[in-house]
Amino acid sequence: MSPVIVHVKKEFIVNTAADFPAQPIRLHRFFLSGHSHRVELFLSLLKLPYELIDVDLAANAHKQPAFLAMNAFGQVPVIQDGEMTLADSNAILVYLAKKYDAGQWLPRDPVAAAAVQRWLSIAAGPLAFGPAKARLATVFKAPVNTDEAIAQANKLFAVMETELKTSSFLAGDTPTIADIANYTYIAHAPEGNVSLDPYPQLRSWLKRIEALPGFVPMASSKAGLAA
Ligand SMILES: N[C@@H](CCC(=O)N[C@@H](CS)C(=O)NCC(=O)O)C(=O)O
């Protein structure tokens, strides 16, 4: 009997995916690290089983051979999912969305996926060099040019404020990993002396994320405007 070939239009192939981890995903993190928190938040929103492993940054645990074997850059976060080890918060968000979600958090549509990627790049660029860096100075006493970081943060927030006038979430009207990647350092920006007062759209967006079922906050620090 000759094989039956079924032609399925590409747009009808959906990832009904949702795999489920055989054991809890291990998240190596630091409790005040926004990069770590974005991963914890997404694990929680996806309702996946996970285990938090605190890395003692003060004792330089992240620069020891055992940790460097997981991430040669010596940075948190890192996850271990069974045999798989993966570093970099945004890479982890992509992995979790592809493996454990059916396309809500990282759409398959090329234009929608690119819109999400645009915000992941922003999270790794202006967000890291703006609000995250400004907070490094106040929370961790890091030697940072705070004026420059605060100016960068305000430049970024002004763009976000405008874009959020026309959509509920960063990459459209439903939440995606674009929102998860950007949430934490914006919510904690006042700790780095970046006020959210001028940005009502941004503040409403933070509330929409905080209302998502499974939301977990990062511990706050009494620093900067939050002191
Ligand atoms: N690109 C990395 C950046 C991670 C990062 O900056 N981690 C910080 C904590 S928030 C860290 O481990 N810093 C210690 C170091 O760089 O030595 C990611 O997205 O995961």
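Reply: In this predicted model, the shell around the ligand consists of Phe30, Ser33, Gly34, His35, His62, Gly74, Gln75, Val76, Pro77, Asp88, Ser89 and Asn90. Two helices, α1 (34–45) and α3 (89–100), each contribute two or more residues to that shell. By class, the shell comprises eight polar residues, three nonpolar residues and one charged residue.

The C-alpha trace extends over about 75 × 45 × 25 Å along the principal axes of the chain. A compact globule of 227 residues would have a radius of gyration near 17 Å, and the 19 Å found for the chain agrees with this.

Helix α4 (residues 110–124) packs against helix α7 (residues 177–187) at an angle of about 15°, and their axes lie 8 Å apart. The two helices, α4 and α7, are therefore roughly parallel to each other. The crossing of α4 past α7 is left-handed. On the α4 side, the contact involves Val116, Trp119, Leu120, Ile122 and Ala123, which meet Ile177, Ala178, Ala181 and Asn182 of α7. This contact of α4 with α7 has eight nonpolar residues, one polar residue and no charged residues, whereas the shell around the ligand has three nonpolar, eight polar and one charged.

Key. Residues are numbered from 1 along each chain as its sequence is written. This is a predicted model: local features need pLDDT of at least 70, side-chain atom pairs count only at pLDDT 80 or more; totals for chains, interfaces and linings use all residues. A residue is near a molecule or strand if its C-beta atom, placed from the backbone, lies within 6 Å of it. Helices (H or I, at least four residues) and strands (E, at least two) are DSSP runs, numbered from the N terminus. Ala, Val, Leu, Ile, Met, Phe, Trp, Tyr, Cys and Pro count as nonpolar, Asp, Glu, Lys and Arg as charged, and the others, Gly among them, as polar. Axes are lines fitted to C-alpha atoms, for helices over the stretch in contact, and angles run from 0 to 180 degrees between N-to-C directions. Angles under 35 degrees count as roughly parallel, over 145 as roughly antiparallel, 65 to 115 as roughly perpendicular and the rest as oblique. A crossing is left-handed if the near helix is turned anticlockwise from the far one by less than a right angle, and right-handed if clockwise. Two residues are in contact if their C-beta atoms, placed from the backbone, lie within 7 Å. The radius of gyration is taken over C-alpha atoms; the globule rule is 2.2 Å times the number of residues to the power 0.38.
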